[in-house]
Amino acid sequence: MLYFEIRRCPAVAEKQQYYRIGDLSKAFSLSKNTLRYYELRGVLSPAHEDSSGYRYYDDEQLHRIGSLKKLQNMGLSVDQSKSFLSGATIGEVEVLMSQCLTRETQQAKLHHYLSQKLQEILSRTQDTQSHGRIFRRTLPEHYEMRLDSIRNLVDDRELHRYAPQWFDHVFPVMNIHRLAVKDVAEGLYAPAFALAVDPLGASLLGLDTTNPFVSLYPAQDCLNICSFFGGSAKNTEPAFHYLEHCQAMLRRCQEEDLVPTDAFRFNILFTFLTPDGSSNVVGDLYLPVAPAQN
């Protein structure tokens, strides 16, 4: 139940109750500027304005504001609410309810997905006993938006049509470093870059996966290391020094009679700076492998 002080307008009949904008602001927890914006959009209009310019509103406007807030809480814009409040059939009401339900169901799925991704990151960072150790692990099916260089994000005008949409969702879209096996074997650090997301995430986030920079990669059996890399902010050596981990994976391939089937992928879980300015990265390093053909 809403309670607010009633102020009567002296220029109108005694039986009609009228309220100033401040009364509505307090009653509905809306700023005066918001109420004025509703007036500007034609959703709300004063029932009376006196010679001093004071606006007065009646019970009909109170009900209208209550309905407007409910519609906005359901996800409608002010203009959509205006159209709806101007007159609607029961069929249109049913369509609106169906659309709102669909949207909320989609949002619930997205929130569940994001919660799972956060839990995965937390589990990987907390499992310090396995950091730096090589395991067999599946790299899930995923889309990759390939970049020859991080500079392509600025320099390549064609790519710039697509990449910002992916960067709108930095989480859970992954930032990937790709290292060619041949380069690693020669001790070279020459990464290509990519943005990656699994098909469910791409669908829930509404990402464009049809553009020419995006490819779908199937799930792959991999050697995997979850590791923490750190380096001084003043260090000019290749970033994060994970070549040694890649080379350790190549040695494991020889030991287990495996052959690499694709490039190394370093999926960055997150990066941060310590108070002393050191740059740190926690991430998963993958090397797709298959049994050697004897």
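Is Cys253 buried or exposed? With a relative accessibility of 3%, Cys253 counts as buried; buried means under 20% relative accessible area, exposed over 50% and partly exposed in between, with a 1.4 Å probe and protein chains only. The views below come from a predicted model, in which local features need pLDDT of at least 70 and side-chain atom pairs count only at pLDDT 80 or more, while totals for chains, interfaces and linings use all residues. Residues are numbered from 1 along each chain as its sequence is written, and side-chain values use heavy atoms, with hydrogens and water left out.

**View 1**
A disulfide is a covalent bond between the sulfur atoms of two cysteines. Here it is taken as a pair of cysteine sulfur atoms within 2.5 Å, and the structure holds 0 of them. Cys253 is in no disulfide, as the nearest cysteine sulfur, in Cys222, is 10 Å away. For Cys246 the closest cysteine sulfur is that of Cys253, at 11 Å, which is too far for a bond. Cys246 counts as buried because its relative accessibility is 0%.

Helices (H or I, at least four residues) and strands (E, at least two) are DSSP runs, numbered from the N terminus. In H1, 7 of the 8 residues are buried, so the helix is mostly covered. The buried residues are Ile21, Gly22, Asp23, Leu24, Ser25, Ala27 and Phe28. They pack against H2, strand E2 (55–56) and helix H3 (59–73).

**View 1. The crossing of H1 and H2.**
The axes of H1 (residues 21–28) and H2 (residues 32–40) come within 9 Å and cross at roughly 110°. Axes are lines fitted to C-alpha atoms, for helices over the stretch in contact, and angles run from 0 to 180 degrees between N-to-C directions. H1 is therefore roughly perpendicular to H2; angles of 65 to 115 degrees count as roughly perpendicular, under 35 as roughly parallel, over 145 as roughly antiparallel and the rest as oblique. The crossing is right-handed, meaning that the near helix is turned clockwise from the far one by less than a right angle. Ile21, Gly22, Leu24 and Ser25 of H1 are in contact (heavy atoms within 4.5 Å) with Lys32, Leu35 and Arg36 of H2. The residues of this contact divide into 3 nonpolar, 2 polar and 2 charged.

**View 2. Two residues with positive phi.**
Most residues other than glycine have a negative phi, and most peptide bonds are trans. Just after H1, Ser29 has a positive phi of about 55°. Ser29 sits in the loop between H1 and H2 and counts as exposed, at 65% relative accessibility. Asp257 also is not a glycine, and its phi is positive, near 60°. Asp257 lies in the loop between helix H10 (243–255) and strand E9 (258–260). At 39% relative accessibility, Asp257 counts as partly exposed.

The peptide bond from Phe171 to Pro172 is cis, with omega near 15°. Pro172 belongs to the loop between helix H7 (163–167) and E5. His177 is found in E5 itself, which spans residues 174–179. His177 counts as buried, at 8% relative accessibility. Leaving aside neighbours within four places in sequence, the contacts of His177 are Tyr189, Ala192, Phe193, Tyr242, Phe264, Arg265, Phe266 and Ile268.

Terms used:
Ala, Val, Leu, Ile, Met, Phe, Trp, Tyr, Cys and Pro count as nonpolar, Asp, Glu, Lys and Arg as charged, and the others, Gly among them, as polar.
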